[in-house]
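Open the model in your viewer and keep the selection tool at hand. The tour goes from one selection to the next and says what is found at each stop.

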Amino acid sequence: MVESYRAEPLKKKKRLDPQVIKAREERRKKKLEKQIRKLEKTAKQLKPLEELDVPVAIVDNYNERLRKEIKISPEEEESRWLLQKDWTRYMFKVNSAELRMIDRILASQHKALEELRNESEELYQAAIQLDFSYIPCQIKGPVETPPIKDFVAAEGDFHDISRKWE
Amino acid sequence: MQATSGIIRNLLGRKSKGLLTVKISEIKALGGAVSTSNWRHFQSSAVLNEGLGLGEPTDPEVPLYDAINIQVKGYDFAILEKFAKYVHNTADRVGLEVEDSWGTPCKNLKVTKLKPESTSVETDYLLSLYERNVQIVNVSASLLPIFVNIVEASIPAGVTMRVHPHLPEHTEIRYVPDLQLKELKTQLQDMRDSKEKK
């Protein structure tokens, strides 16, 4: 209601052609799409793994931490080599025992499937199907002790303070 | 199967004065198809069979799973990494095709222990839950349960393992989200929405 007396008269708004408006919108859209395509082409960066990064403090005093070469007597060196050989021999036995076990399992499965096939084709086909009730599955490692009787767990919370990347 | 488990029996039978010498040249001479990369670790005779073209042929009609991720998580990093390495190696020995293996950033947890019957904090601990993944491709339906059982038999204490099919969000988590890209995309979406409204 209050009119200012020294103001310029308001300019008349030019009626833009709807085509011009459309053209402008299209141009803006194309520009955006081009920028998006450019950014998408550049390779994404992998998140760094904390456990594999060397802490900066350690990198700084690297020279202090560097150890000098120790001289070992030839008997000591030889006994170390022999120990290494013993360990290699032992691990070889363990690994080949495991391989034999894998062989046995695969062979028996193969035989069982063959027999099943001879028995009935239907059951064989059903046995072979992809089973999505089996995966996803979760397996927990064994525990050190059996469950403690009348154990009262402490109350508390887990707060997730890991770095957020949003 | 019998012909080539004989290979392994021969290898083990060779015992010279305390040292087990395995002649790589022997295996190579047998078929020449065992490439040096396969020899990095021993493999079951099923795998050797494939390389040499011997043994019973595997049924081509058995359906294959696409991509399966084996995700191992644990609080103790040294044990976890050894186990992830074991999973990878076992997958190779059993004859599965390992496409990729990666690590996801750890979750840092602040665990607060409250005093009994109150909300005041008694102690708090900082724990980190580390994670490693191994991806296997083209697993036959009959082979997967065997593999999972073998790995399950030697899972160490304190480690949890999940076997699930691969989803796009599993790769998404590994990468730093590009904020600029996100902004531009939301802008574009807004423009499109306003156009539709008109």
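Start with both chains in view. About 6700 Å² of area is buried between chain B and chain A, and carbon and sulfur atoms give 66% of it. The model is a predicted one. The size of an interface is often given as the accessible area lost when the parts come together. Counted by contacts, 81 residues of chain B touch 65 residues of chain A.

**Stop 1: chain B by itself**

Select chain B and colour it by secondary structure. How many helices and strands does chain B have? It has 7 helices and 4 strands. Followed from the N terminus, the elements come in the order α-α-α-β-α-β-β-α-β-α-α. Chain B has 198 residues, of which 39% are buried. Its accessible surface comes to about 11200 Å², and 53% of that belongs to carbon and sulfur atoms. Take the contacts in chain B between residues at least 6 apart in sequence: 70% of them join residues at least 24 apart.

Now select residues 69-164 of chain B. An unreviewed UniProt entry lists this span as "domain: Small ribosomal subunit protein uS10". In the model the span is 30% helix and 52% strand, and its end C-alpha atoms are 5 Å apart.

**Stop 2: the annotated coiled coil**

Select residues 22-49 of chain A. The annotation "coiled-coil region", from an unreviewed UniProt entry, covers these residues. How far apart are the end C-alpha atoms of residues 22-49 of chain A? They lie 48 Å apart, and the span is 71% helix and 0% strand.

**Stop 3**

Side chains of opposite charge can pair when their charged atoms come close. E40(A) is partly exposed at 43% relative accessibility, and K185(B) is partly exposed at 41%.

Move to R80(A) and E76(A), whose closest N and O atoms are 3.1 Å apart in a salt bridge. The two residues are 4 apart in helix α4 (residues 74-119) of chain A, so about one helical turn separates them. R80(A) is partly exposed at 48% relative accessibility, and E76(A) is partly exposed at 34%.

Then select E98(A) and R93(B). Their salt bridge has 3.3 Å between the closest N and O atoms. E98(A) lies in helix α4 of chain A and R93(B) in helix α4 (residues 77-94) of chain B, so this pair joins two chains. Are E98(A) and R93(B) buried or exposed? E98(A) counts as buried because its relative accessibility is 15%, and R93(B) is buried as well, at 6%. For a network, select E51(A), E81(B) and R132(B), which are joined by salt bridges that share partners.

**Stop 4: a surface patch**

Show F158(A), Y75(B), Y125(B) and L127(B) as a surface. They form a nonpolar patch with about 410 Å² of accessible area together. F158(A) belongs to strand β2 (residues 156-160) of chain A and is exposed, at 57% relative accessible area.

**Stop 5: backbone details**

Zoom in on I135(A) and P136(A). The peptide bond between them is cis, with omega about 5°. P136(A) sits in the loop between α5 (121-128) and β1 (137-140) of chain A. F132(A) is found in the loop between α5 and β1 too, and it is partly exposed at 49% relative accessibility.

Go back to chain B for E117(B), a residue other than glycine with a positive phi, near 60°. E117(B) is in the loop between β2 (97-114) and β3 (121-140), and it is exposed at 80% relative accessible area. Last, select N138(B), where phi is near 55°, again positive in a residue other than glycine. N138(B) lies in strand β3 of chain B and is partly exposed, at 39%.

Note on methods:
Residues numbered from 1 in each chain as written. Chains lettered and ligands numbered in written order. Heavy atoms only, no water. Patch = residues over 30% accessible without salt bridge, like charges linked within 9 Å, V, L, I, M, F, W, Y side chains within 5 Å. Areas by Shrake-Rupley, 256 points an atom, 1.4 Å probe, with all protein chains shown as cover. Salt bridge = Lys/Arg side-chain N within 4 Å of Asp/Glu carboxyl O. Buried < 20%, exposed > 50% of the residue type's maximum accessible area, 1.4 Å probe, protein only. UniProt positions renumbered as here; feature names shortened; annotations may be inferred. Contact = heavy atoms within 4.5 Å. Buried area = accessible area lost by both parts, 1.4 Å probe.
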